[in-house]
Amino acid sequence: ESTYATDPSATGSGYAAVPIEAPISWPTGGRATLETNYAISRNRMTAGQPGADGGSISFKVALRGLLTAAGNGTNASAVAADYLDRLLDSAFGTVRTTVGDDATAATAANITTTDNTFAINDVLAVFATGATTIQWRRTNASTSPYTLDRNWTTTPVATNIAYGTKAYRGDTTNGSSLAACVDIDGTIYRLLGCRPSSMKIVASPGQIAMLEVSLAYDSRADDTAAKTNLGGTAGVIDEFAGTPVRALLSPMSWNGTAYAVGSIEIDFAIASNPVGSTAGSNGRSDIEVAAAHPKITVKPLYATQFEIDFDAKTQGNLSIQFGSGVPSGGIVNACEFFSEGAEVLSEATEDDNNRLRKGVQFAARDAGILTGTTVASYWQLARA
């Protein structure tokens with residue numbers, strides 16, 4: 001929406017189809033009832049008045065990387081925004097895009113590229129010759145050779161590509177509010193003034209990584225008659241572009257050490273609030289995301305290190321990859337969550353079919369200065 005709670009596309013041609021993975025929830029809400037209690041000389045309640053509209057809706061979508069790769073010399077900004085970009089932008093604000101660059105050399109701890117297209121704090125994705133999965137690393141320099149948050153698992157060679165990415169960092173002003181249309185049994189409900197109020201990533205081994213979203217909205221209306229060209233397809237949807245990301249060849253690293261994990265949940269813990277306004281048709285001028293302080297729950301194999309780090313209140317880098325990122329047709333199709341100063345919030349030993357695991361919850365924390373005068377990023381969710 002260019003203006004809050006205003007339909008950006010009358011016929012629906014400007015809307016993007018969203019591949020929900022399960023039946024969408026019925027839009028909750030409707031107009032509030034404003035109670036009245038008039039003095040009518042009878043001991044009876046009087047009829048209410050219609051108040052503000054609004055409500056929420058929830059759904060699941062598959063996590064996906066970029067639809068086309070930002071290879072050598074290509075800025076990820078050139079990759080058309082899809083439904084994931086719209087949702088992430090609305091929640092977390094301006095995206096950080098980087099330009100893909102080819103490597104000229106690398107050591108176990110750094111990489112040199114041709115055009116120095118990356119900056120401090122950027123996450124880059126490199127598929128090294130001989131590797132079985134893409135490797136995500138965070139840069140610690142403004143020009144190459146870029147030092148990294150941890151050593152490579154497989155050291156890249158010259159001509160390997162550091163792919164460009166779209167990264168959402170959650171520390172900027174919210175992006176645009178959204179308009180949504182929901183087709184429920186042939187009735188098209190138009191929801192205006194939408195903003196993500198809850199968002200989490202859930203992944204289990206071998207399964208599709210899912211993004212679970214709740215949208216709070218300003219108003220709901222039956223717009224079946226007008227929305228005759230939703231997504232430019234006249235309501236006909238065949239296939240969706242891109243391939244869902246699966247939790248395969250998707251390592252997790254905590255404080256520089258890789259761990260095998262049985263499940264992952266990243267709850268962005270969005271705190272969203274309506275912006276009250278008497279000028280608004282429903283008493284609000286926006287719904288804004290005031291904060292996003294992620295909590296990350298994983299179930300690695302038993303290791304006493306988590307007990308040690310919990311007791312010591314250790315802060316460290318937490319890197320979680322989604323998707324193998326093995327390029328197919330030049331497309332990487334992988335995502336990365338990176339928290340610079342994560343902390344073990346809780347840990348417990350659990351039984352998993354007679355195998356010991358740890359149930360560990362991390363929380364994103366401020367990591368202070370990364371280097372020089374550059375403040376470390378709080379957290380990042382990147383797509384390649």
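## Ground rules

Residues are numbered from 1 along each chain as its sequence is written, and side-chain values use heavy atoms, leaving out hydrogens and water. Because the model is predicted, local features need pLDDT of at least 70 and side-chain atom pairs count only at pLDDT 80 or more, while totals for chains, interfaces and linings use all residues.

## Cysteines that stay apart

Searching the whole structure turns up zero disulfides (a disulfide being a pair of cysteine sulfur atoms within 2.5 Å). Take Cys-194: its sulfur sits 9.2 Å from the closest cysteine sulfur, in Cys-181, so that's too far for a bond.

## Helix α1, tucked in

Helices (H or I, at least four residues) and strands (E, at least two) are DSSP runs, numbered from the N terminus. Helix α1 covers residues 83-92, and eight of its ten residues are buried, so the rest of the structure largely encloses it. Buried means under 20% relative accessible area, exposed over 50%, and partly exposed in between (1.4 Å probe, protein chains only). Among the buried ones are Tyr-83, Leu-84 and Phe-92.

## Salt bridges

You'll find 18 salt bridges here (each a side-chain nitrogen of Lys or Arg within 4 Å of a carboxyl oxygen of Asp or Glu). One of them joins Asp-82 to Arg-383, with the closest N and O atoms 2.9 Å apart. Asp-82 is in the loop between β3 and α1 and Arg-383 is in strand β27, so the pair ties together parts 301 residues apart in sequence. Asp-82 counts as buried at 10% relative accessibility, and Arg-383 is buried at 2%.
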